[in-house]
Amino acid sequence: MGILASEPDFVAAGSSDWQQILKQAIRSSAELVRQLGLSTSGTALAACQSGAGADFPVFVPRPWLDRIRPGDTDDPLLRQVLASGEENITVPGFVDDPLEENQAQPLPGLLHKYHSRVLLVLAGACSINCRYCFRRHFPYETAPRS
């Protein structure tokens with residue numbers, strides 16, 4: 001079971017269903033706030049106006065959205081995906097590549113950081129954009145396309 005699949009019937013669904021789910025994903029903080037019936041004042045509005053999603057866009061599949069409590073700005077699943085102005089704060093010592101993966105790419109889409117282990121990057125994006133992601137600046141666009 002993955003992030004998108006918690007019900008067995010989703011797993012058993014046709015192979016193109018995951019593509020449809022990704023096509024229908026929420027792609028902006030404003031739309032996320034609207035879909036969840038959140039107040040347009042306070043935290044939710046600040047998230048929409050902060051510009052935090054500019055460098056790392058909001059991307060929330062509907063099965064994830066369906067698990068968020070409508071109207072609850074403190075829902076942990078919402079906080080994982082709703083852009084925040086705090087993302088724009090520069091913190092001394094923080095870097096865009098904390099795992100130093102950019103220098104561990106002998107070929108596009110191939111990470112070789114540890115002896116006898118490699119990571120193949122087979123997709124240009126994740127199925128959900130988590131706001132705490134330490135790979136938000138990873139050059140996914142260089143990964144080979146299948």
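The largest pocket in this predicted model has a volume of about 530 Å³. Its lining counts 17 residues. Glu87, Phe94, Val95, Arg136 and His137 lie nearest the pocket centre. By class, the lining of the largest pocket splits into eight nonpolar, three polar and six charged residues.

The structure also holds one cavity of 30 Å³ or more. The volume of the largest cavity is about 50 Å³. One stretch of its lining comprises Asp96, Asp97, Glu101 and Asn102. Phe134, Arg135, Arg136, His137, Phe138 and Pro139 also line this cavity. Five of the lining residues are charged, three are nonpolar and two are polar.

Now the fold. The chain has six helices and two strands. Read from the N terminus, the order is α-α-α-α-α-α-β-β. The chain has 146 residues, and 31% of them count as buried. Take the contacts in the chain with a separation of 6 or more: 63% of them come from residues 24 or more positions apart.

Next, the interior. In soluble globular proteins, nonpolar side chains tend to be buried together. Here the largest nonpolar core has 16 residues. Within this core, Leu32, Leu36, Val60, Leu78 and Val81 touch the most other members. Three helices each supply at least two residues of the core: H3 (29-35), H5 (62-65) and H6 (76-81).

What does leucine 32 touch, leaving aside its neighbours within four places in sequence? Its contacts are Ile26, Val60, Leu65, Leu78, Val81 and Leu82.

Follow the first of those partners. Isoleucine 26 sits in the loop between helix H2 (17-23) and H3. Is isoleucine 26 buried or exposed? It is buried, with a relative accessible area of 1%. Beyond its neighbours within four places in sequence, isoleucine 26 contacts Glu31, Leu32, Gln35, Val58, Phe59, Val60, Arg62 and Leu65. Arginine 62 shows how the chain folds back in space: it is 36 residues from isoleucine 26 in sequence, yet the C-alpha to C-alpha distance is 7.2 Å.

Aspartate 75 lies in the loop between H5 and H6. Its relative accessibility is 2%, so aspartate 75 counts as buried. With neighbours within four places in sequence set aside, its contacts are Arg67, Ile68 and Arg69.

Last, the cysteines. A disulfide is a covalent bond between the sulfur atoms of two cysteines. How many disulfides does the structure have? The count comes to zero. Cysteine 126 is in no disulfide, and the nearest cysteine sulfur belongs to cysteine 133. The cut-off for a disulfide is a pair of sulfur atoms within 2.5 Å. Cysteine 126 is also partly exposed, with a relative accessible area of 41%.

Key
Residues are numbered from 1 along each chain as its sequence is written. This is a predicted model: local features need pLDDT of at least 70, side-chain atom pairs count only at pLDDT 80 or more; totals for chains, interfaces and linings use all residues. Side-chain values use heavy atoms; hydrogens and water are left out. A nonpolar core is a set of buried Ala, Val, Leu, Ile, Met, Phe, Trp, Tyr and Cys residues joined through side-chain atoms within 4.5 Å. Buried means under 20% relative accessible area, exposed over 50%, partly exposed in between (1.4 Å probe, protein chains only). Helices (H or I, at least four residues) and strands (E, at least two) are DSSP runs, numbered from the N terminus. Contact means heavy atoms within 4.5 Å. On a 1 Å grid over the protein atoms alone, a cavity is a set of points where a 1.4 Å probe fits but cannot get out, and a pocket is an open set with protein on both sides within 12 Å along at least five of seven lines; lining residues have an atom within 4 Å of a point. Grid points are joined across faces, edges and corners, and a volume is the space filled by probe spheres set on the points. Ala, Val, Leu, Ile, Met, Phe, Trp, Tyr, Cys and Pro count as nonpolar, Asp, Glu, Lys and Arg as charged, and the others, Gly among them, as polar.
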